[in-house]
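Please read them with the structure open beside you.

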Amino acid sequence: MDAIDRHILSILQEDASLSIADIAAQVGLSQTPCWKRIQRLEASGVLQGRVALLSPEKLGLGLSVYVSIVAGEHSDAWLDRFTGAVAAMPEVVEFYRMAGDVDYMLRVVVSDMVAFDEFYKRLIAIAPLRNVVSRFAMERIKATTALPLETAPPIAFPRARRVAEEAIAG
């Protein structure tokens, strides 16, 4: 991945609705090479999708809750049941297995405290939990889906890496 790929990704992180012509013009390519780069980024899994970002407040989903969970046990059966059920809950917009004193961290988006209480009751009914702590966000100061591409290490696509290795061995 080169500087042009990173520039394309940066543009797409800001506005994925831009046309290929607009993106190509911004990165200094014609449309076909730009489109091929985007396809390669998609095929490699670097570009996972293009979505619309919605305003939770304008949709009546203004309460964000961060829920930390300490597991009740660590068996495979418990893990499968718990992770499958929690991942399927639509209110859970982020779900992480953690290292440290907490086993799981969730970001839950709901309309209000009543909706969170209903969610919480469903959550604790899934499987035995040792501890659940909920933290309520009072104000969103920064929220972005854009990754800091300028700090990411260089990566090579498999084909480019193979061609470089063959040239060195050559």
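1. The sheet is open and has four strands in the order β2-β3-β1-β4, with antiparallel pairing, where pairing requires that DSSP finds at least two bridges between two strands. Helices (H or I, at least four residues) and strands (E, at least two) are DSSP runs, numbered from the N terminus. The edge strands are β2 (92–97) and β4 (129–136), each of which pairs on one side only, and the twist from one strand to the next averages 15 degrees.

2. A word on the basis of these notes: this is a predicted model, in which local features need pLDDT of at least 70 and side-chain atom pairs count only at pLDDT 80 or more, whereas totals for chains, interfaces and linings use all residues. Residues are numbered from 1 along each chain as its sequence is written, and side-chain values use heavy atoms, with hydrogens and water left out.

3. Strand β3 (residues 104–110) pairs with β2 in the antiparallel sense over five bridges, with Y96 opposite M105 and R97 opposite Y104. The hairpin of β2 and β3 has six residues between the strands, and G100 there takes a positive phi near 110 degrees.

4. β3 also runs antiparallel to β1, to which seven bridges join it; in this pairing, L63 has V110 in β3 as its bridge partner. β3 is mostly covered, since five of its seven residues are buried (buried means under 20% relative accessible area, exposed over 50%, partly exposed in between, with a 1.4 Å probe and protein chains only).

5. Helix α5 (residues 113–126) lies across β1 (63–71), β2, β3 and β4, and runs at about 165 degrees to β4. For such values, axes are lines fitted to C-alpha atoms, for helices over the stretch in contact, and angles run from 0 to 180 degrees between N-to-C directions.

6. How do helices α1 and α3 pack, and at what angle? Helix α1 (residues 3–14) and helix α3 (residues 31–43) pack at about 80 degrees, with their axes 11 Å apart, and they are therefore roughly perpendicular to each other (the classes are under 35 degrees for roughly parallel, over 145 for roughly antiparallel, 65 to 115 for roughly perpendicular, and oblique for the rest). I4, D5, I8, L9 and L12 in α1 meet C34, R37, I38, R40 and L41 in α3, contact meaning heavy atoms within 4.5 Å. By class, the contact of α1 with α3 has seven nonpolar, no polar and three charged residues; Ala, Val, Leu, Ile, Met, Phe, Trp, Tyr, Cys and Pro count as nonpolar, Asp, Glu, Lys and Arg as charged, and the others, Gly among them, as polar.

7. D5, in helix α1, counts as buried at 1% relative accessibility, and R37, in helix α3, is buried with a relative accessible area of 16%. Their side chains make a polar contact at 2.9 Å, that is, a pair of N or O atoms within 3.5 Å, where within protein one must be able to donate a hydrogen and the other to accept it, and residues adjacent in sequence count only if both atoms are side-chain atoms. Not counting residues up to four places away in sequence, R37 touches D2, I4, D5, I8 and L29, while D5 is in contact with R37, R40, L41 and F157.

8. Lastly, P56 is placed in the loop between α3 and β1. Leaving out residues up to four places away in sequence, P56 touches L61, G62 and R140. The C-alpha atoms of P56 and S111 are separated by 8.8 Å, with the two residues 55 apart along the chain.
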